[in-house]
Each structure stands twice: as structure tokens, then as C-alpha cells.
Amino acid sequence: MRVNVVTMFPEWFDGPLSISIVARAIEDGALVVELVDLREHGLGRHRQLDDSPFGGGPGMVMMIEPLAAALEPLKDTHRVLFTPSGEPMSQETLDRWAETNEVTFVSGRYEGVDQRVIDNFIDEEVSLGDYVLAGGEVAAAAAIEGIARLLPGVVGNPESTEKESFRDGLLEEPVYTRPADFEGWTVPEVLLSGDHGRIEEWRSQQRVERTRQRRPDLLRNRKDPDT
Ligand code: 6GU
């Protein structure tokens with residue numbers, strides 16, 4: 001799969017692309033990430049990318065010309081703008097992108113992007129959540145990592161991406177490993193019992209209880225409420 005990233009800060013991605021599962025996906029050839037430096041399409045001697053908003057007000061707006069130039073060669077790809085005004089990114093979003101051959105991520109900066117860019121060059125606007133970051137780079141990196149671990153052959157055990165949190169609409173249960181007793185802090189007895197029926201029952205109960213406490217919205221929106 002190919003991911004194009006249009007950004008003012010290509011060097012920002014050096015870390016995220018060079019570590020762990022994303023680095024492995026790239027090494028294995030399962031993932032190709034193409035960084036497009038927006039600055040190369042900036043206007044004039046100063047390679048200008050932003051200007052003040054028509055109608056006045058604070059902040060700067062990303063101009064259409066540099067983005068049009070960067071996105072023109074990518075118009076046959078699915079183009080995503082990362083912005084706090086977008087729809088929230090979810091596991092479903094990542095599943096959908098991971099099933100395609102090519103996706104283009106645009107990291108917005110400043111207070112916004114000229115609406116004509118969105119109207120004419122963007123297929124989907126996506127947000128990381130209800131808080132404000134300085135730009136869409138973190139969101140693009142999050143999406144790349146979320147996609148990389150879904151690509152065939154990248155995670156060793158394919159079962160592990162199917163059983164996990166959010167697939168069944170519940171949070172994960174607590175997990176433990178050795179030692180069974182660390183300075184008096186013990187592991188729930190049921191997990192040491194060897195009774196797989198009781199263990200699965202306990203885990204299921206923990207997932208539901210955790211979700212009820214932390215994310216009641218997930219319980220209300222569940223698709224197959226059979227747990
Ligand atoms: Cl995608 N961009 C910015 N600037 N802030 C955000 C965000 C994106 N998602 C949540 N906050």
C-alpha cells in the first residue's frame with residue numbers, strides 16, 4: 001500500500017517512520033510512504049504557504065495555490081485532510097483505508113485551509129478527537145501506524161488484529177504476567193485457575209464493566225451486543 005503525505009514538515013515524520021511496526025512495514029515493502037514537501041510549492045521568493053483570512057480575524061489560512069500544485073498529481077487517490085473540524089477517526093476509518101491501494105493525507109496547519117481546497121481537492125476530512133493540536137502531522141502519523149499494523153504480513157499473528165479492542169465495540173480487559181505476586185500485589189485468582197470457561201467469563205465481564213465506566217457511548221452504539 002502507498003500513503004502520500006502532504007506536509008509543511010516532512011522531517012517531522014523521520015521518527016514515526018523509522019521505528020517499530022511502521023519501519024518494519026516499510027522495510028518489508030508492505031508500505032510505501034511518499035512525503036510531499038508543501039514548501040516546494042510555496043509562492044514567491046519566501047515560498048509563502050499562508051495568508052490572512054478574507055473578512056478579517058486572527059490567524060492565517062493555508063493558501064490554495066501550493067495545495068493545488070501538490071494535490072494535482074494525486075487527484076486519482078483518496079485524499080484526506082486532517083483537521084479538528086473533521087469526522088472523528090475510528091478503527092472503521094483505518095480498516096477502510098488499509099483495504100485500499102493508495103491514500104493521500106494532507107496535514108493542515110495554521111487556523112485553517114482555504115475552503116476551495118477542501119471543495120475541490122479533498123474527499124474526506126478527519127479529526128483525531130475533540131482537542132486542538134498545532135497541525136495534522138500527529139494525525140497522519142497515527143493513521144499510518146494504525147494502517148501499518150493492519151497490512152497483511154506486518155503483524156506476525158493475524159488473530160491479534162481481529163480480537164482486539166474496538167472490533168467488538170468493547171474496551172480490552174486488564175492483563176497480567178509473571179510474577180503472580182509482586183510485593184503483595186497479586187493477580188486475580190481466576191487467571192491462575194486453569195479453568196478456561198471461568199477465565200473467558202471473567203474477561204468478558206471485565207470488558208463490559210470497563211466500557212460501562214469509561215465509554216458508555218460505546219455500549220449504546222454497539223453493533224452486535226451479544227457479550
Ligand atoms: Cl487532525 N489537526 C489539528 N490541528 N488538531 C487536531 C486534529 C487534527 N485532531 C484533533 N485535534
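Predicted model: local features only at pLDDT ≥ 70, side-chain atom pairs only at ≥ 80, totals over all residues.

I count a polar contact as a pair of N or O atoms within 3.5 Å.

Ligand, polar side. With that cut-off I looked up S127, and one of its polar side-chain atoms lies 3.4 Å from a nitrogen atom of the ligand. From the backbone, I found a polar atom of L128 at 2.8 Å from a ligand nitrogen, and one of G135 at 3.5 Å from a ligand nitrogen. I also checked the area: the ligand taken alone exposes 290 Å², and the protein buries 97% of that.

Ligand, shell. Which elements give two or more residues to the shell? I get β5 and β7 (124–127), with β5 giving the largest share, 3 residues. My list of surrounding residues includes F82, T83, P84, V126, Y131, V132 and A139.

Core. F82 turned up again when I looked at the largest nonpolar core, which has 30 residues: F82 is among those touching the most other members, along with V3, L31, W97, F105, I144 and I147. I noted β1 (2–7), α2 (20–27), β5 (78–88), α4 (91–98), β6 (102–107) and α6 (137–148) as each supplying at least two residues of this core. α6 gives the most, 7 residues.

W97. Leaving out residues up to four places away in sequence, I find W97 touching, among others, M1, F82, F105, V126 and I147.

Domains. The domain assignment gives me domain 1 (2–148) and domain 2 (163–220). I have their C-alpha centres 37 Å apart.

Definitions and conventions
Residues numbered from 1 in each chain as written. Heavy atoms only, no water. Core = buried A, V, L, I, M, F, W, Y, C linked by side-chain atoms within 4.5 Å. Buried < 20%, exposed > 50% of the residue type's maximum accessible area, 1.4 Å probe, protein only. Helix = DSSP H or I, 4+ residues; strand = E, 2+ residues; numbered from the N terminus. Contact = heavy atoms within 4.5 Å. Domains from an automatic or database assignment. Near = heavy atom within 4 Å. Polar contact = N/O pair within 3.5 Å; in protein donor to acceptor, adjacent residues only side chain to side chain. Areas by Shrake-Rupley, 256 points an atom, 1.4 Å probe, with all protein chains shown as cover.
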